[in-house]
Amino acid sequence: QQISWTPLLVLGYLFYLLLGAMVFQLLEKQAETHFRDQFQLEKLKFLQNYTCLDRQALEQFVQVLMEAWEKGVNPEGNSTNPSNWDFSNSFFFAGTVVTTIGYGNLSPSTVAGQIFCVFYALFGVPLNLAFLNQLGKGLNAHLITLERWVQKPGRAQVQLAIFLSTGTLLFLVFPPLVFSYVEGWSYGEGFYFTFITLSTIGFGDYVVGTNPNKHYIPAYRSLTAIWIVFGLAWLALVFNVGADLMEKFLQLKWHKPDFSLAEGATIKLEDEPEQPRIHIPS
């Protein structure tokens with residue numbers, strides 16, 4: 001008989017969330033306290049150096065800076081900074097909407113823009129999923145071709161290794177080098193941005209093309225958006241394969257033979273995995 005592993009999966013999922021919460025709290029809370037105290041100290045020093053200002057005026061100015069940042073206006077630089085809504089940046093923003101990345105550093109501020117964004121996402125997200133599904137089928141067909149080429153034992157493992165290594169190089173290893181050169185980030189920061197973007201987590205703490213002190217080519221963010229789409233399809237396929245393997249592991253782990261079967265009967269395991277399904281993590 002087969003034991004239901006759903007309750008165990010639920011408990012494991014909750015435990016994983018609790019574990020993550022404890023680790024993030026341990027790693028980040030002390031640093032946050034340090035930065036908060038440092039910021040308050042800097043405000044006190046600013047008031048001491050500029051006695052013509054009082055605390056209320058300074059707090060009002062800080063509020064203006066925060067509102068500007070929320071509206072997508074970088075407080076650094078001056079009015080000659082490139083627009084956040086030129087065609088290249090707008091193309092990049094449209095890509096973050098339909099892919100559900102949603103960095104949060106830029107959003108429509110007009111009522112008309114907000115309403116359009118709702119309906120644009122309403123039709124764009126399903127369209128993006130359909131496109132990624134077709135792209136995933138193309139990747140899967142390529143994997144099948146590779147499998148036919150490798151005619152020796154262990155070809156499935158070789159096929160999977162080629163798929164993972166090639167995708168890792170194209171979407172996770174090389175792009176951080178480009179972002180490090182263009183944005184001035186460290187390689188670790190570039191790798192962090194790459195994975196957070198392609199997994200559609202999209203915190204918004206690192207976003208390409210937003211430094212007012214750097215000059216970007218017009219097509220930089222548009223090319224990045226195209227890279228994101230193909231990277232999404234690859235990483236989503238990897239996530240889906242991982243989810244399928246985890247489900248099969250749990251099913252096999254908690255599966256016990258049914259000894260009531262007729263003598264001579266055999267339990268046939270699935271010989272071939274089903275076609276990968278593209279799911280975009282939200």
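This is a predicted model: local features need pLDDT of at least 70, side-chain atom pairs count only at pLDDT 80 or more; totals for chains, interfaces and linings use all residues.
Residues are numbered from 1 along each chain as its sequence is written, and side-chain values use heavy atoms, with hydrogens and water left out.

Helices are DSSP runs of H or I with at least four residues, and strands are runs of E with at least two, numbered from the N terminus. Helix H2 comprises 16 residues, 55-70, and extends 23 Å from its first C-alpha to its last, close to the expected 22 Å; the expected span is 1.5 Å times one less than the number of residues. Glycine 72, which follows H2, has a positive phi near 90°. Helix H3, with 12 residues (87-98), reaches 17 Å between its first and last C-alpha, close to the 16 Å expected. Buried residues (under 20% relative accessible area, with exposed over 50% and partly exposed in between; 1.4 Å probe, protein chains only) in H3 include Phe92, Phe93, Thr96 and Val97.

The loop between H3 and helix H4 (111-149) contains threonine 99. Threonine 99 counts as buried because its relative accessibility is 1%. Its side chain reaches the backbone oxygen of glycine 95 at 2.5 Å.

A search of the whole structure identified 1 cavity of 30 Å³ or more. On a 1 Å grid over the protein atoms alone, a cavity is a set of points where a 1.4 Å probe fits but cannot get out, and lining residues have an atom within 4 Å of a point. Grid points are joined across faces, edges and corners, and the volume is the space filled by probe spheres set on the points. The largest cavity has a volume of about 50 Å³. Its lining consists of Phe92, Gly95, Thr96, Thr99, Ile101, Ala225, Ile228 and Val229. The elements giving two or more residues to this lining are H3 and helix H7 (220-253). The lining comprises 5 nonpolar, 3 polar and no charged residues (Ala, Val, Leu, Ile, Met, Phe, Trp, Tyr, Cys and Pro are nonpolar; Asp, Glu, Lys and Arg are charged; the others, Gly among them, are polar).

An unreviewed UniProt entry places the feature "transmembrane region" at several spans, including residues 87-106, 158-178 and 220-243; such annotations may be inferred rather than shown by experiment. Residues 158-178 are 100% helix and 0% strand, with end C-alpha atoms 29 Å apart. Residues 220-243 are likewise 100% helix and 0% strand, and their end C-alpha atoms lie 34 Å apart.

Key. On a 1 Å grid over the protein atoms alone, a cavity is a set of points where a 1.4 Å probe fits but cannot get out, and a pocket is an open set with protein on both sides within 12 Å along at least five of seven lines; lining residues have an atom within 4 Å of a point. A polar contact is a pair of N or O atoms within 3.5 Å; within protein, one must be able to donate a hydrogen and the other to accept it, and residues adjacent in sequence count only if both atoms are side-chain atoms.
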